[in-house]
Amino acid sequence: MPIKVAAVGTGNVGRHALTQLINDPAYELTGVWVSSAAKAGKDAGELAGLEVSTGIKATNDLDAILAGKPDCVVYTAMADNRLPEALEDYRRILAAGVNVVASAAVFLQYPWQVLPAELIAPLEDATQEGCSSLFVNGIDPGFANDLLPLALMGTCQSIEQVRCMEIVDYATYDSATVMFDVMGFGKPIDELPMLLQPGVLSLAWGSVVRQLAAGLGIELDELTEEHTRVPAPEDFDIASGHIPAGTTAAMRFEVRGMKDGRPAVVLEHITRLRDDLCPDWPQPAQEGGSYRVEVTGEPSYALDLCLSSRKGDHNHAGLVATAARVVNAIPAVVAAEPGIRTTLDLPLITGKGLYRPN
């Protein structure tokens, strides 16, 4: 019997999630929530870019979504710039007895010791009230820096450090809000964007570092962070807009989980808007970008993950992977015990039922 699902958000990630929910017979779509009046009333198939009519019309009303009594909500709405609203959405959905799989807010991947207890408690209380579960994941934060390093760590005799890296050209990532408002590309070097405000990196990717530390069974002493930005040598354009000369065009940052004065777990991002920028920084394993896991120990590992798609570039592939990671988790999350669930306590998600010979 299909699992009843509703989609909240139809943006960069959401439209890929919606496509899978419509096409996969394992799911029955009960509703679609959208943030804009322009999308309200449109058929889910149109919003997914499919040539099908589902009979499910998009709405701006979250109560209407809950009235459809889905077993699970796939939440991909933008959360970075509306955190209080997103957290309240989660609380309402979970308290109503509906499970949630989501791509944001990313700190919910593993929120303990990352979020203040007073922000976690309402969600945990809601899961108990509604006998529901919440799972937040994606490709990063998510699969590339939780399941992959955890699997490698399980084949070591000893471990000194785990480092997870995203090395990606973001020029084709089409989201002005993320690129300009959150990350600060195209902004003056002396203007500190949202992402680089003190503590924000540790909030966003602290979940990665804390979860890997939990996998190692260690208690970190603290999280530290650092960043570097490099200006554009001349004017150029990217998918999200214009990058003036002298404004931020490349960024490198680290979030370090420290133990006894040493970095035990490190999350690092190397982000360029052109592949000729910062040639001395680490380079991806394929043109455009890749993810890398480095485990230093006995034995040591270096694993490169290269994403591609017949329908787009590496950034397109990453968006599809993020959507599929949470959609494919739906059966496990629906079956899970109530609470905030993580990669550490969900069963292995194998792609069961996804074989398509054509």
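T127 is buried, with a relative accessible area of 0%. The model described here is a predicted one. T127 belongs to helix 5, which covers residues 117-130. Its side chain reaches the backbone oxygen of E124 at 2.6 Å. Beyond its neighbours within four places in sequence, T127 is in contact with L94, S132, P338, G339 and I340.

One of these partners, L94, is also among the buried residues of helix 4. Helix 4 comprises 13 residues, numbered 83-95, and extends 18 Å from its first C-alpha to its last, close to the 18 Å expected at 1.5 Å a residue. Its buried residues are A86, L87, D89, Y90, I93 and L94. Viewed down the axis of helix 4, these residues fall within an arc of 155°, so they line one face of the helix. An α-helix has 3.6 residues a turn, so residues three or four places apart point the same way.

The elements against which the buried residues of helix 4 pack include those in the table below.

| Element | Residues |
|---|---|
| Helix 3 | 62-67 |
| Strand 4 | 72-75 |
| Strand 5 | 99-102 |
| Strand 6 | 133-136 |

Helix 5, which holds T127, is likewise packed against by the buried residues of helix 4. Helix 4 is followed by G97, whose phi is positive, near 90°.

An unreviewed UniProt entry carries the annotation "domain: 2,4-diaminopentanoate dehydrogenase C-terminal" for residues 145-350. In the model, the end C-alpha atoms of residues 145-350 lie 17 Å apart, and the span is 25% helix and 33% strand.

Key
Residues numbered from 1 in each chain as written. Predicted model: local features only at pLDDT ≥ 70, side-chain atom pairs only at ≥ 80, totals over all residues. Heavy atoms only, no water. Helix = DSSP H or I, 4+ residues; strand = E, 2+ residues; numbered from the N terminus. Buried < 20%, exposed > 50% of the residue type's maximum accessible area, 1.4 Å probe, protein only. Polar contact = N/O pair within 3.5 Å; in protein donor to acceptor, adjacent residues only side chain to side chain. Contact = heavy atoms within 4.5 Å. Expected span 1.5 Å × (residues − 1). Arc of directions from axis to C-beta. UniProt positions renumbered as here; feature names shortened; annotations may be inferred.
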